[in-house]
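Here is a briefing on one protein chain. Please look over the sequence and the model before reading on.

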Amino acid sequence: MESFIHLRKGKTPRRLHADLDGLKDDELGRGGFTGRTANMYRRNDPTAFRSVGPLRPVDVLAGELKPSDATDAAGNPMLLFSNADCQVLLSRRCQPMPFFVRYVDGDLLWFVHKGSGLIETEFGPLRYRDGDWVYIPKACTFRQVPDDESTVLLVQTTDELRVPPAGPLGRHFPFDPSQAVIPDPAPIDDDERDEYEVRLIHDGGPTTLYYQHHPLDVEGWRGDNFAFTFNIADYNVVTSDSVHLPATAHLFMEATGVCVMNFLPKPAEGVPGTERTPWYHRNVDYDEIAFFHGGSLYGIPMPPGLISHAPQGVHHGAPEKARERARRKFDEYDRVDWSVIAVDTRRRLVPSAEVLANDLGQH
C-alpha cells in the first residue's frame with residue numbers, strides 16, 4: 001500500500017541512491033518512477049545475465065542502418081520499433097523529397113541527430129539543425145529539403161502529443177515554450193509541373209493524392225495547433241546536488257502511452273557518497289529507447305547514434321565498471337557531459353526485423 005512512510009528491512013543505506021558500501025542499487029518501481037517503489041540492495045550486478053528469447057535488450061547504431069531514403073530520393077524512413085501507441089523510425093535523407101508527405105495516423109516528432117535543412121510545411125518554412133526537436137501535427141502536409149545527410153529519429157504517436165503540465169516548477173521549467181521557433185506563412189507558387197504528389201502515410205497505406213496546384217499555398221493561419229522546432233540547447237535542465245533525479249524530471253513531451261525526455265549536460269551531484277549514474281532498474285511499466293546524441297560520461301565517450309532498447313521486466317543500467325569509475329573520479333569531474341534523448345512507452349515495443357538483424361549482440 002502506498003503511504004508517506006516507507007518500510008526498511010535488512011541492510012539499507014541511510015540515504016536514497018547514495019552510500020551503497022559495495023551493494024548494488026536496484027529499483028523496482030511502478031508508473032515510470034512516479035508510483036510505488038522498492039529499492040533493493042543486492043550483492044551482484046543484476047545486468048550480468050545471458051538472455052534467451054525475444055525479451056532482451058537490443059542495441060543498434062544509426063549509422064549502420066540503411067533506410068531507403070538514405071540512397072533514394074523517393075525512399076522512406078525505416079521502422080525500428082512499434083506498438084499500438086506509437087512507431088519509432090529512422091531517416092537518413094540526403095536528397096530533397098520529390099513529393100509531399102502527410103502522416104495521418106498521429107502526430108510526428110523528429111529528433112535531428114545530424115544534419116541541417118528546410119522543412120516546408122503548411123504553416124510555413126522551418127529550418128532545422130543538430131539537436132532540434134521538430135513537431136509536425138497530425139495530417140499536416142510537409143516536405144523535407146536537406147542541406148546534407150540528415151539523420152533523424154522520428155516518433156509517430158497515435159494520441160495527440162502534448163507539453164506536460166507545468167507542475168510545481170512553473171510554466172517555463174524545464175520546457176520554456178517561448179524558445180520554440182514557430183513558422184510564418186509563406187505560400188509557395190506553382191512551379192509549372194503537371195501535378196503535385198502528396199503521400200498519406202497510414203496503417204494499411206500509403207495512399208497518394210495528386211493536386212493540380214501546389215499543396216503549400218497557405219496565406220495565413222491562426223490557432224494553437226501548429227508545427228514548431230525546439231533545440232535541446234534551450235531546454236532548462238533540472239538538477240539536484242544530493243540525489244540523481246529520475247528520468248521523469250526531464251520530461252519534454254508526452255502522449256497517451258508515450259513519454260519523451262531529454263538527458264542533457266548538467267552539473268554533477270556534489271554531495272559525497274551520492275551515486276551519479278542512474279540506478280539499476282527493470283522498467284516495470286515502460287519500455288525505454290535511449291538515443292545517444294553525443295557527449296561523454298565522466299571521461300568515457302558516449303557512442304553517437306547508438307539506439308538502445310530496454311524492454312519491460314529486464315534489468316538495465318550503466319555497467320558496474322562505469323559506476324565504479326564515477327565514484328573513483330568523483331573529485332575530478334563536476335559536470336555530466338551527455339546528450340541522450342529517451343522515448344518511454346507504456347506498451348511493449350516490437351523491434352523490426354532490420355533492428356534485430358543489426359543488433360550489436362551485447363546480450
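**Briefing: fold, cores and open space**

His-113 is found in strand S7 (strands are DSSP E runs of at least two residues, helices H or I runs of at least four, both numbered from the N terminus). This is a predicted model, in which local features need pLDDT of at least 70 and side-chain atom pairs count only at pLDDT 80 or more, while totals for chains, interfaces and linings use all residues. Residues are numbered from 1 along each chain as its sequence is written, and side-chain values use heavy atoms, without hydrogens and water.

**His-113**
- His-113 counts as buried because its relative accessibility is 12% (buried means under 20% relative accessible area, exposed over 50%, partly exposed in between, with a 1.4 Å probe and protein chains only).
- Beyond its neighbours within four places in sequence, His-113 is in contact with Asp-130, Thr-151, Phe-291, Phe-292, His-293, Pro-304 and Gly-305 (contact means heavy atoms within 4.5 Å).
- Its C-alpha atom is separated by 34 Å from that of Leu-16, 97 residues apart along the chain.

**Overall fold**
- The protein chain has two helices and 24 strands.
- Along the principal axes, the C-alpha atoms fill a box of roughly 75 × 45 × 40 Å.
- Of the 363 residues, 50% count as buried.
- Among contacts with a separation of 6 or more, 74% join residues 24 or more positions apart.

**Cores and helix H1**
- The largest nonpolar core has 56 residues, and Leu-80, Trp-110, Phe-142 and Ile-307 have the most contacts inside it (a core is a set of buried Ala, Val, Leu, Ile, Met, Phe, Trp, Tyr and Cys residues joined through side-chain atoms within 4.5 Å).
- Strand S7 (residues 107-114) gives the most to this core, with five residues.
- A second, separate core of 18 residues includes Ala-247, Trp-338, Val-340 and Ala-342.
- In helix H1 (residues 320-328), Glu-320, Ala-322, Arg-323, Arg-325 and Ala-326 are buried.
- These buried H1 residues pack against strand S1 (24-29), strand S19 (280-281) and S21.

**Pockets**
- The largest pocket has a volume of about 1100 Å³ (on a 1 Å grid over the protein atoms alone, a pocket is an open set of points with protein on both sides within 12 Å along at least five of seven lines, a cavity is a set where a 1.4 Å probe fits but cannot get out, and lining residues have an atom within 4 Å of a point; volume is the space filled by probe spheres set on the points, which are joined across faces, edges and corners).
- Of its 44 lining residues, Phe-292, His-316, Gly-317, Ala-318 and Pro-319 are the closest to the centre.
- That lining has 27 nonpolar, 12 polar and five charged residues (Ala, Val, Leu, Ile, Met, Phe, Trp, Tyr, Cys and Pro count as nonpolar, Asp, Glu, Lys and Arg as charged, the others, Gly among them, as polar).
- The second largest pocket holds about 680 Å³.

**Cavities**
- The whole structure has four cavities of 30 Å³ or more.
- The largest cavity has a volume of about 120 Å³.
- Gly-32, Phe-33, His-281, Asn-283 and Val-284 are the closest to its centre, out of 13 lining residues.
- The second largest cavity has a volume of about 60 Å³.
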